[in-house]
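Thanks for coming. Please have the sequence and the structure open while I talk, and I will go through a few parts of them in turn.

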Amino acid sequence: MIDLFNRLFGKQTSSATAKERLRLVLLSDHLSLAPELVDKLKAELIEVLSRYVEVDRTKIEVNFEQHDSAIAMMANVPILSMHPPKVETPTHPGGGDAPKRPRRRRKRPTATSNPAPAS
Amino acid sequence: MTSGKGGVGKTTTTVNVGAALAKRGHRVILVDADIGLRNLDLVLGLEKRIVFDLVEVVEGRCQLKQALIKDKRFESLQILPAAQTRDKDSVTEEQFARVISDLAEMADFVLIDCPAGIERGFRNAIAGADEAIIVTTPEVSAIRDADRVIGKVSEKKLPVRLIINRIRPEMVRSGDMLSVDDVCEILSAELLGIIPDDEEVIDTTNRGEPIVLDPTKRLAIMYDKIARRIEGEIVPFSNLEARGFLDRLLGGLKAG
């Protein structure tokens, strides 16, 4: 997500790219978590937040930082409104017209099966 | 002296840091822990003088002192060569640690040149160590491997310091190479030294001469600084090794 925005807006130096890639890969090394799972974690995080507040998806930043042996996840999420959005963001093709708001919450992390707007 | 990845300059760094320490009057012993891939002797130009090796010491075929080779250019510099025709399984961690502790009684500093990788040879090499000096270059692969090694030596509770090798300041300035600060931040390790990329080191290695033999060489000054930091002196990082003000501030906060 962040990668995408960097690629769209302004060229990044290769050293900045290297740093970002290393951060992510070291994080997944430390967590024994594959990089795509980290991306998925970000996407689901945004999805969960969106159920409660309306967030500005274009300005969300999610970073992982390491301080000595501890890892911290820093999320910077601009909130547009405190009310949950009534309708799903229409920018993505939804899963048809059927009422989909209730019973969509699932405990298991199978977000890819939803038409997750953040993917 | 360890790195995880091969080819980042571990042996050259070991030789030159060791020679710089010896030049400052310390008794230094360099140990080639890369059994089967002996190279420290060659980089230091002592390859013709080897009689016994580390494995023969462990197996009791010779005395430890017989296997040590004195570097005549430095007086107080000696090396313990690795075996070339044996493999890493010839020595156990306990045997290795015993040799290192025996050497420690004969020297002020024992520098162990670790093999690449994180397997048996690496575990042997760190078995008797008190501190890990990580050598890395500003490349993604070297840094990732360095991170892995830092994790391994931290499990052993060894303090870790970092030497960043082959920095090219002009590439850092143009954003084409990770900076010293970037590398320190990514690895969250204390910096021990910075060695710029320099063609001279190829020439001196070809000849089997440590670059610190010639004190006018740019790199000789850098290795000498590392030696002084190992002694405990606080040697500021020079302009070439420049760190930003903010980073120094953050570094100070981290340290404190």
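This is a predicted model: local features need pLDDT of at least 70, side-chain atom pairs count only at pLDDT 80 or more; totals for chains, interfaces and linings use all residues.

Which way do the residues of E1(B) point? Val28(B), Leu30(B) and Asp32(B) point one way, Ile29(B) and Val31(B) point the other way, and all of them are buried.

Now the neighbours of this strand. E1(B) runs parallel to E3(B), and 4 bridges join them. Within that pair, Leu30(B) is opposite Ile79(B). E1(B) also pairs with E4(B), again in the parallel sense, over 5 bridges. Here Val28(B) is opposite Phe109(B). As background, strands of a sheet pair through backbone hydrogen bonds, and the pairing is either parallel or antiparallel.

Both senses occur here. E2(B) pairs with E3(B), residues 77–80, in the antiparallel sense, over 2 bridges. Lys70(B) has Gln78(B) in E3(B) as its bridge partner.

Put together, that makes an open sheet of 4 strands in chain B, in the order E2-E3-E1-E4, with mixed pairing. E2(B), residues 69–70, and E4(B), residues 109–113, are the edge strands; each has a single partner strand, so one side of each has no neighbour in the sheet.

Next, what packs on this sheet. Helix H1 of chain B, residues 10–23, touches E1, E3 and E4 of chain B, and its direction makes about 170 degrees with that of E4(B). Helix H5 of chain B, residues 93–104, lies across E1, E3 and E4 of chain B as well, and runs at about 150 degrees to E4(B).

Which residues of H6(B) are buried? They are Gly121(B), Phe122(B), Asn124(B), Ala125(B), Ile126(B) and Ala127(B). The elements covering them include H5, E4, strand E5 (132–136) and H7 of chain B.

Now to chain A, and helix H2, residues 14–31. Its 18 residues, at 1.5 Å a residue, should span 26 Å, and the C-alpha atoms at its ends are 25 Å apart, which agrees. The buried residues in H2(A) are Ala18(A), Lys19(A), Leu22(A) and Leu26(A). These four cover an arc of only 95 degrees around the axis, which puts them on the same side of H2(A). After the helix comes Ser32(A), with a positive phi near 50 degrees.

What covers the buried residues of H2(A)? The cover includes two helices of chain B, H7 (140–155) and H9 (180–187).

That brings me to the contact between the chains. Chain B gives 13 residues to it and chain A gives 14 residues. On the side of chain B that touches chain A, the elements giving two or more residues are H7 and H9 of chain B. H7(B) provides the largest share of that side, 5 residues. By class, that side of chain B has 5 nonpolar, 3 polar and 5 charged residues.

Conventions. Residues are numbered from 1 along each chain as its sequence is written. Chains are lettered from A and ligands numbered from 1 in the order in which they are written. Two strands pair if DSSP finds at least two bridges between them. Two residues are in contact if their C-beta atoms, placed from the backbone, lie within 7 Å. Axes are lines fitted to C-alpha atoms, for helices over the stretch in contact, and angles run from 0 to 180 degrees between N-to-C directions. The expected span of a helix is 1.5 Å times one less than its number of residues. A residue is buried if 20 or more other C-beta atoms lie within 10 Å of its own, exposed if 12 or fewer, and partly exposed in between; C-beta atoms are placed from the backbone. The arc is that of the directions from the helix axis to the C-beta atoms. Ala, Val, Leu, Ile, Met, Phe, Trp, Tyr, Cys and Pro count as nonpolar, Asp, Glu, Lys and Arg as charged, and the others, Gly among them, as polar.
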